[in-house]
Amino acid sequence: QHAWSPKTNLPMGTKLVPAPAIKNMIERMVKTGALSEEKTAEWRKRIEEEAQVVELRRKAEAGDLSAATKLARAYSNGKLGLSKDSSKALPLAKQAADGGDPRGMSTLAMIYYVYPAHQSDALVLRWAAAAAALGDGAAHILLANLYDHGRAGLPLDKEEGFKLRLKGCEMGSANSRGLFH
């Protein structure tokens with residue numbers, strides 16, 4: 001089914017095409033305050049998120065481990081306007097983990113735990129144990145999951161899983177169900 005052009009009164013296709021000139025014009029209007037706050041809240045949020053991603057990427061490329069971890073988590077969780085993409089999250093998390101960042105280590109372990117394309121119980125155990133030893137609460141929860149299911153060569157041990165999950169929760173790295181934020 002075709003819509004009709006308001007200018008030519010001819011049938012139009014239903015496919016959307018990129019219009020960078022219009023996008024840029026709207027962004028300029030949003031940034032300068034030419035449009036009301038009510039109408040531009042989502043645009044402002046998107047612009048801010050894009051700026052955050054650019055800054056995180058710049059810092060990560062310069063070797064900032066915390067920025068690499070934050071960007072990896074954004075890709076992993078589909079935050080900051082990014083689509084979920086474990087293939088983009090993985091190298092950033094590896095960069096942070098290899099550099100010694102505990103949160104980067106637990107992020108890398110989580111990627112190996114959650115995403116089938118990268119799943120590796122041995123690597124989950126390696127990185128979660130390293131992060132837990134450095135005081136990362138989320139890593140304790142990953143280790144708890146391994147014990148709860150007897151994965152990565154660990155015995156099935158619900159009691160040890162509970163202790164680790166409790167420690168992770170006490171460290172503030174999990175919600176009430178013991179999952180990642």
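At the start of helix 7, a side-chain oxygen of D136 comes to within 3.2 Å of the backbone nitrogen of A138. That is a polar contact, meaning a pair of N or O atoms within 3.5 Å, where within protein one must be able to donate a hydrogen and the other to accept it, and residues adjacent in sequence count only if both atoms are side-chain atoms. Helices here are DSSP runs (H or I, at least four residues), numbered from the N terminus.

On sources: this is a predicted model, where local features need pLDDT of at least 70 and side-chain atom pairs count only at pLDDT 80 or more, while totals for chains, interfaces and linings use all residues. Residues are numbered from 1 along each chain as its sequence is written, and side-chain values use heavy atoms, with hydrogens and water left out.

Back to helix 7. Of its 13 residues, 12 are buried, that is, under 20% relative accessible area with a 1.4 Å probe, protein chains only. Among them are H140, N145 and D148. The buried residues pack against helix 5, helix 6 and helix 8 (158–170), with contact meaning heavy atoms within 4.5 Å. Just after the helix, G150 has a positive phi of about 60°.

Leaving out residues up to four places away in sequence, L71 touches V53, L56, R57, L82 and L92.

Key: Buried < 20%, exposed > 50% of the residue type's maximum accessible area, 1.4 Å probe, protein only. Helix = DSSP H or I, 4+ residues; strand = E, 2+ residues; numbered from the N terminus.
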